[in-house]
Amino acid sequence: MIPARKILIVEDERDILDLVSHYLEKEGFRVRRATDGPAGLSAARQERPDLIVLDLMLPGMDGLEVCRKLRADSTNLVPIIILTAKAEETDRVVGLELGADDYLTKPFSPKELVARVKALLRRVERRADDGKPFTYGPLKLDPLRHEVWVDKQEVILTAKEFGLLEQLLRNRGRVLTRDVLLNSVWGYDYHGTTRTVDVHVRRLRQKLPLLEEAIVSIKSLGYKLQEGGA
């Protein structure tokens, strides 16, 4: 029997924690709980959850710092959905730029959260099922191992940088709009600024200098990876 997926909820508001736990457990998920930032970070590292639901306003260490630390170590590929009571767009953008995969603004429907958890897990499964490596000159991306190599040197990317590079490699020669990249890499209809795509492209160019000129910016549209490199 395949074990139920494990979800870690990091939330300090007891009512929300109980409500979200109830709805996820009803859907067959195993739920782990933490009520402050340090405890959430420790639980993520010890429990190895399949997905994390992370509140931004936490005692001890805020959710943005927790997200930053998760993306900097062995937990860097665990999908994260952030919860925030803040309506400002900048809070959502910062969370996404740090590597969160999705967000919900409080108050939210617990049924919508469950739907997003399921959708995000499905995307992770589909990505794992397609194990074909991609090459671009000396660069190799392995979707199964979530590794990127240039010659014999491994290059460490965040989950979002990895997803962005994978989309560019899958669609080399094609112009991908910022909206398309947001929907395919971040996995939902994003109605705010597309600045986060530009930030991640800049980071890719910095970490992979061979792509500095190969990733072409298309004015007012998006980006494309030039043909060749195979």
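Colleague: Asp151, buried or exposed?
Modeller: Asp151 counts as exposed, with 60% relative accessibility. Here buried means under 20% relative accessible area, exposed over 50% and partly exposed in between (1.4 Å probe, protein chains only). The model is predicted, so local features need pLDDT of at least 70 and side-chain atom pairs count only at pLDDT 80 or more, while totals for chains, interfaces and linings use all residues. Residues are numbered from 1 along each chain as its sequence is written, and side-chain values use heavy atoms, without hydrogens and water.

Colleague: Where is Asp151 found?
Modeller: Asp151 is in the loop between strand E8 (147–150) and strand E9 (153–154). Helices (H or I, at least four residues) and strands (E, at least two) are DSSP runs, numbered from the N terminus. Although Asp151 is not a glycine, its phi is positive, about 60°.

Colleague: And what is the phi of Arg48?
Modeller: Phi of Arg48 is near 55°, again in a residue other than glycine. Arg48 lies in the loop between helix H2 (37–47) and strand E3 (51–55), and counts as partly exposed at 46% relative accessibility.

Colleague: Changing topic, which residues does the cis peptide bond join?
Modeller: The cis bond joins Lys106 and Pro107, with omega about -5°. Pro107 is in the loop between strand E5 (102–105) and helix H5 (110–129).

Colleague: Which side chain of opposite charge is nearest to Arg205?
Modeller: That is Glu212, 4.7 Å away. Arg205, in helix H8 (residues 195–207), is buried and has no salt bridge, meaning a side-chain nitrogen of Lys or Arg within 4 Å of a carboxyl oxygen of Asp or Glu.

Notes: Lys, Arg positive; Asp, Glu negative; His and termini not counted.
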